[in-house]
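Subject: Structure handover

Hello,

Here is the structure I said I would pass on. Please open it alongside this email; my notes follow below.

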Amino acid sequence: MANLKPLTALGHDAPEVLSIGAVRISERFDVALASVAARRGKAGDLASAAQGIGLPLPAPATHQAGDPWSAFWVAPEMWFVEAPFASHEDIAARLKAALGDTTSVTEQTDAWVRFDIAAPDLAPLFERLSNLDLARAPVGFASRTVIEHVGTYLVKRAAGEVVLYGPRSSAASLLHVLEVTAKSLL
Amino acid sequence: MLINHPILGPRDAQEFVYLGDANLLHRPDGLAEGAIAAFHDYAYQRGNPAGEHRELWYHEQGDRSWLVVTRNTVTHEILKVELARDVARREGRSR
């Protein structure tokens, strides 16, 4: 069999980590991702099936962390689910088996690049990047937003901690704009 | 311009894509009598009012929902925003 070597979204064999001033940008590739959407009229069935496996289905514009499942809201009756990649590489198959015919499940892991961004105060960085009012958003806020023409999902995990999911094919462009904007703060 | 999204609250208009007259929700029955004339009107005839207008907007850089926005085309005041899904269901167009 061919000796295959996994690459990160940026094309390297190890994730990229940058420290620019107080801002730390770290690429993550250890999180499996899948989307879960209730089929028409089946939102109640999905809610009870999700409860059975401890899968959170948070309210609009929020993220809810859990073990092993975390989730954030993306659209009415649709969520993105996160789980550790090491134990849940087959995330879509597992969710489909647990949630059954009430739900459409789509594998998303390889479609996105994830950057964890941390700084004591992230407001100056994100007011240059996005039109969301991150400083006033509560912890647990999750929303889609545009950063330099790239559609991304932004999750405020803590006061100084943001998780950003962008399209994997734009990983380098997204990292570039994060880097340039962080340098402009120096 | 801000659009007051029914689920997410006020959001910047640049997150949205404009489609046009909300009358597009009223797609004629293709098998009914006079369907060709009905589809001609559906495809080509549009009112162009100076004043209140119901429009379809898509929240592309948000939750990807379709909205019916009632807007005054003279003052650009937004009078009402509803999920297109709710509007269609109320009219019995979707289950």
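Chain A is divided into domain 1 (17-29 + 111-184) and domain 2 (31-109), with bounds that come from an automatic or database domain assignment. Before the rest, two notes on conventions. This is a predicted model, in which local features need pLDDT of at least 70 and side-chain atom pairs count only at pLDDT 80 or more, while totals for chains, interfaces and linings use all residues. Residues are numbered from 1 along each chain as its sequence is written, and chains are lettered from A and ligands numbered from 1 in the order in which they are written.

Chain A overall

The secondary structure of chain A amounts to four helices and 11 strands; these are DSSP runs numbered from the N terminus, helices being H or I of at least four residues and strands E of at least two. With a radius of gyration of 17 Å, close to the 16 Å that the globule rule gives for 186 residues, chain A is as compact as a globular protein of that length. That radius is taken over C-alpha atoms, and the globule rule is 2.2 Å times the number of residues to the power 0.38. The C-alpha trace of chain A spans about 50 × 50 × 25 Å along its principal axes.

Of the 186 residues of chain A, 35% count as buried. A residue is buried if 20 or more other C-beta atoms lie within 10 Å of its own, exposed if 12 or fewer, and partly exposed in between, with C-beta atoms placed from the backbone. Among contacts in chain A between residues at least 6 apart in sequence, 57% join residues at least 24 apart; two residues are in contact if their C-beta atoms, placed from the backbone, lie within 7 Å.

The two domains of chain A

The centres of domain 1 and domain 2 of chain A, taken over C-alpha atoms, are separated by 23 Å. Where they meet, 11 residues of domain 1 of chain A are in contact with 10 residues of domain 2 of chain A. On the domain 1 side, β8, β9 and β10 of chain A each supply at least two residues, and β9(A) gives the most, with three residues. By class, that side has six nonpolar, two polar and three charged residues. Here Ala, Val, Leu, Ile, Met, Phe, Trp, Tyr, Cys and Pro count as nonpolar, Asp, Glu, Lys and Arg as charged, and the others, Gly among them, as polar.

The six-stranded sheet of chain A

Six strands of chain A form an open sheet in the order β1-β2-β8-β11-β10-β9, with antiparallel pairing; two strands pair if DSSP finds at least two bridges between them. Its edge strands are β1 (17-20) and β9 (142-147) of chain A, each pairing on one side only. From one strand to the next the twist averages 25°. Within the sheet, β8 (residues 112-118) and β11 (residues 161-167) of chain A run antiparallel and are joined by seven bridges. A:Ile117 stands opposite A:Val162 in β11(A).

Helix α4 (residues 171-184) of chain A packs on this sheet, touching β1, β2 (23-28), β8, β9, β10 (150-158) and β11 of chain A, and its direction makes about 15° with that of β8(A). Axes are lines fitted to C-alpha atoms, for helices over the stretch in contact, and angles run from 0 to 180 degrees between N-to-C directions.

Around β5 of chain A

Strand β5 (residues 70-75) of chain A is mostly covered, five of its six residues being buried. Two bridges join β5(A) to the antiparallel strand β4 (residues 63-64) of chain A, where A:Gln64 stands opposite A:Ala71. β4(A) and β5(A) form a hairpin with five residues between them. β5(A) also pairs in the antiparallel sense with β6 (residues 78-84) of chain A, over five bridges, and A:Trp73 stands opposite A:Trp79. The hairpin of β5(A) and β6(A) has two residues between the strands, and A:Glu77 in the turn has a positive phi of about 60°.

Chain B

Chain B has an open sheet of four strands in the order β3-β4-β5-β6, with antiparallel pairing. The edge strands are β3 (17-21) and β6 of chain B. Strands β5 (residues 66-72) and β6 (residues 78-83) of chain B are joined by five bridges, and B:Val68 stands opposite B:Glu82. They form a hairpin with five residues between them, where B:His76 in the turn has a positive phi of about 65°.

Between the chains, 10 residues of chain B are in contact with 12 residues of chain A. The chain B side has two nonpolar, three polar and five charged residues.

Regards
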